[in-house]
Amino acid sequence: MDNYAEQLIVFLKGKADLEEKQAMEQYMRNQFVFLGLRSSVRREVYREFFAEHGKVQDSVGVARILYEQPEREFRYIALDILTKDVKKQPREVIDFYEQLVVADSWWDTVDLLASTLVGGHFEKYPELIPEYIAKWINGENIWLARTAILFQLKYKENTDAGLLFTNCEKWLDSKEFFIQKAIGWALRQYAKFNADAVLEFVEAYDLAPLSRREALKHFKKKERSE
């Protein structure tokens, strides 16, 4: 085991909070095990560790080990560590990100992976987009499909609108809450930069009520302010 990762695991486990652990597990429907370190506490604890041990040298290697731990906080820290190196990773790290998306998937890890890690990686290596997005959006895994829909969340005016709308269209019939929510979220975000295109898409297709409601939130706020 990587010595940095091993020391970090021991350090974090020593900070576990039983009372918070129970509350956090209940919030996540008892699907996952927690140490009981809420986000602000977790970040403070890691800063304390960082001050003593310094920067991670192999972010992917450390993240891989942290993801093997059962407690959810280790995954959050793994993603934080990877985020700091998002612009430095080689093109093949996308396969590792794909593995993380499907590892005990839930919104708490997948959304950061999609919007920051995968999205950032595709900005650096846009030639990877056609292969991976086609595979994910045409597959059966809802979390990979959600990633394909959300990866452009931070692209702003550089969003490939055609790809966004195509990805949304492929899953319009889905009954999955997390897919319907992703479609609405992605459209709402892009509407900040191209409201007309989003409105045209929403009016042209039969979106799920949740997707439509999310997509048009900014429009309704504008109407109320006028």
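The radius of gyration is taken over C-alpha atoms, and the globule rule is 2.2 Å times the number of residues to the power 0.38. I applied this rule first. With 226 residues, a compact globule would have a radius of gyration near 17 Å; I found 19 Å for the chain, which agrees.

I noted what the model is. It is predicted, so local features need pLDDT of at least 70 and side-chain atom pairs count only at pLDDT 80 or more, while totals for chains, interfaces and linings use all residues. Residues are numbered from 1 along each chain as its sequence is written, and side-chain values use heavy atoms, with hydrogens and water left out.

**Whole chain.** I looked up the helices and strands, which are DSSP runs numbered from the N terminus (helices H or I, at least four residues; strands E, at least two). The chain has 14 helices and zero strands. Along the principal axes, its C-alpha atoms fill a box of roughly 55 × 40 × 35 Å. I then checked burial (buried is under 20% relative accessible area, exposed over 50%, partly exposed in between; 1.4 Å probe, protein chains only). Buried residues are 52% of the 226. For contacts I used heavy atoms within 4.5 Å. Of the contacts with a separation of 6 or more, 69% join residues 24 or more positions apart.

**Core.** I counted as a nonpolar core a set of buried Ala, Val, Leu, Ile, Met, Phe, Trp, Tyr and Cys residues joined through side-chain atoms within 4.5 Å. The largest one holds 83 residues, and Leu82 is among those that touch the most other members. Helix α11 (residues 177-191) gives the most to this core, with eight residues. Leaving aside neighbours within four places in sequence, I listed the contacts of Leu82; they include Phe96, Tyr97, Leu100 and Leu117.

**Arg72.** Is Arg72 buried or exposed? It counts as buried because its relative accessibility is 2%. I placed Arg72 in helix α5 (residues 72-84). Not counting residues up to four places away in sequence, Arg72 touches Phe32, Val33, Phe34, Asp104, Ser105, Trp106, Asp108 and Thr109.

**Helix α7.** I checked its length against the expected span, 1.5 Å times one less than the number of residues. The 18 residues of α7 (residues 107-124) should span 26 Å; the end C-alpha atoms are 24 Å apart, which agrees. I also looked for a bend, the angle between axes fitted to the seven residues ending at a position and the seven starting there. α7 bends by about 40° at Leu113. I logged α7 as mostly covered, with 14 of its 18 residues buried.
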